[in-house]
Amino acid sequence: MIVRRKAAMAVLAHAKTAEISAHLEAVALPPYEQLREAENGLVMLRGRIGGDGAPFNLGEATVSRAAVRLGSGEIGFGYTLGRDREKARMIALCDALVQSDEFAGSVEMKVIAPLRAGLLARRQQRAAEMAATKVDFYTMVRGEG
């Protein structure tokens with residue numbers, strides 16, 4: 001269950017709002033209530049010098065969050081960078097649906113899998129564009145030893 005939720009959240013966090021909305025329309029949504037209205041806020045980003053040094057405050061980032069509960073009791077949480085409250089609400093709804101035995105399969109098939117395929121296609125296209133501009137450098141060794 002945890003692995004399935006993590007995989008779904010990784011895809012949803014990187015997907016565009018319009019894509020999530022379009023795919024969610026294909027799912028017959030059960031009744032749900034909003035536990036926490038979608039809201040915007042700030043989180044502190046922390047870093048470490050060299051990965052293991054003393055932590056320091058790097059700065060703040062804007063996030064949106066939401067929480068929903070399905071009629072069957074599953075609770076979903078949604079967080080996203082930026083000020084997109086609708087995306088946070090849809091992520092929370094998908095999180096709750098992924099936890100439900102009744103809806104997990106259809107959400108995976110109709111929402112998560114198509115979004116994952118789109119993200120992979122965009123990454124491959126970007127990688128191909130970058131590979132086209134790759135320059136191979138080599139070092140000439142002089143015969144002096």
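Axes are lines fitted to C-alpha atoms, for helices over the stretch in contact, and angles run from 0 to 180 degrees between N-to-C directions. Helices (H or I, at least four residues) and strands (E, at least two) are DSSP runs numbered from the N terminus. The model is predicted, with pLDDT of at least 70 needed for local features and 80 or more for side-chain atom pairs, whereas totals for chains, interfaces and linings use all residues. Residues are numbered from 1 along each chain as its sequence is written, and side-chain values use heavy atoms, with hydrogens and water left out.

H2 and H3 pack at about 45°, their axes lying 10 Å apart. This makes H2 oblique to H3, where angles under 35 degrees count as roughly parallel, over 145 as roughly antiparallel, 65 to 115 as roughly perpendicular and the rest as oblique. In contact (heavy atoms within 4.5 Å) are Thr17, Ile20, Ser21 and Leu24 of H2 with Glu86, Lys87, Met90, Ile91, Leu93, Cys94 and Leu97 of H3. By class, the residues of this contact are 7 nonpolar, 2 polar and 2 charged; Ala, Val, Leu, Ile, Met, Phe, Trp, Tyr, Cys and Pro count as nonpolar, Asp, Glu, Lys and Arg as charged, and the others, Gly among them, as polar.

For H3 and H4, the axes come within 7 Å and cross at roughly 130°, which makes H3 oblique to H4. Here Cys94, Leu97 and Val98 in H3 meet Ala104, Val107 and Val111 in H4. The residues of this contact comprise 6 nonpolar, no polar and no charged.

H1 and H4 have axes 9 Å apart and an angle of about 50°; the two helices are therefore oblique to each other. Arg4, Ala7, Ala8, Val11, Leu12 and His14 in H1 meet residues of H4 including Leu115, Leu119 and Arg122. This contact of H1 with H4 has 8 nonpolar, 1 polar and 4 charged residues.

The largest nonpolar core has 26 residues, and those with the most contacts inside it are Ile20, Leu24, Val107 and Val111. Such a core is a set of buried Ala, Val, Leu, Ile, Met, Phe, Trp, Tyr and Cys residues joined through side-chain atoms within 4.5 Å, buried being under 20% relative accessible area, exposed over 50% and partly exposed in between (1.4 Å probe, protein chains only). Two or more residues each are given to this core by H1 (2-14), H2 (17-24), strand S2 (55-70), H3 (85-99) and H4 (104-132). H3 supplies the largest share, 9 residues. Leaving aside residues up to four places away in sequence, Ile20 touches Leu12, Ala15, Lys87, Met90, Ile91 and Leu115.
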